[in-house]
Amino acid sequence: MENVILVIHLVLALGLIGIVLLQRSEGGGLGIGGGGGGGVMSSRGAATALGKLTWLFAIAFLGTSITLTVIAAKNAADSSVIDTLGIEAPAAEGDAPALPDVTDLLPPSSADDSLTPPRAD
């Protein structure tokens with residue numbers, strides 16, 4: 001089921017790219033594109049068939065994205081990656097290795113030294 005939705009998702013993505021590239025440029029960003037009558041002060045034009053198809057593909061693309069996310073989350077909750085590899089966890093041993101003494105690594109401390117830094121006179 002996941003593979004079927006993934007194939008549909010990829011077809012929708014390619015179709016959406018193609019439809020967007022087929023549309024006429026509205027101009028603006030780079031100063032190129034069709035000017036001809038459409039301007040800032042003009043009323044909004046009627047939606048073209050490509051515009052409606054773009055919205056349809058975009059909604060379907062988002063729907064398949066959400067569906068794939070839900071399916072992936074449901075599959076991930078069932079098991080761990082380690083479980084899928086078939087590796088068994090090592091048996092816990094009763095006697096763990098002793099930790100080294102870390103007091104030798106600390107700097108020497110003297111009771112006379114103050115913890116405040118020296119004054120900058």
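Helix H1 (residues 2–22) has 21 residues, and at 1.5 Å a residue it should span 30 Å; its end C-alpha atoms are 30 Å apart, which agrees. The expected span is taken as 1.5 Å times one less than the number of residues in the helix. The model is a predicted one, in which local features need pLDDT of at least 70 and side-chain atom pairs count only at pLDDT 80 or more, while totals for chains, interfaces and linings use all residues. Residues are numbered from 1 along each chain as its sequence is written, and side-chain values use heavy atoms, with hydrogens and water left out.

The chain contains three helices and zero strands, in the order α-α-α along the sequence. Helices (H or I, at least four residues) and strands (E, at least two) are DSSP runs, numbered from the N terminus. Of the 121 residues, 7% are buried, where buried means under 20% relative accessible area, exposed over 50%, and partly exposed in between (1.4 Å probe, protein chains only). The chain exposes about 10,900 Å², and carbon and sulfur atoms supply 66% of this area. Accessible areas come from the Shrake-Rupley method with a 1.4 Å probe; for residues, only the protein chains shown count as cover.

The buried residues of H1 are Ile5, His9, Leu12, Leu16 and Ile19. They cover an arc of only 95 degrees around the axis, which puts them on the same side of H1. The arc is that of the directions from the helix axis to the C-beta atoms. An α-helix has 3.6 residues a turn, so residues three or four places apart point the same way. On the other side of H1, the exposed residues are Asn3, Val7, Val11, Leu14, Leu21 and Leu22.

Thr64 is buried, at a relative accessible area of 11%. Leaving aside residues up to four places away in sequence, Thr64 touches Ile5, Ile8, His9 and Leu12; a contact requires heavy atoms within 4.5 Å. Leu62 also lies in H2, but Leu62 is exposed, with a relative accessible area of 53%. The C-alpha atoms of Leu62 and Leu12 are separated by 9.8 Å, although these residues are 50 residues apart along the chain. Over the chain, among contacts between residues at least 6 apart in sequence, 82% join residues at least 24 apart.
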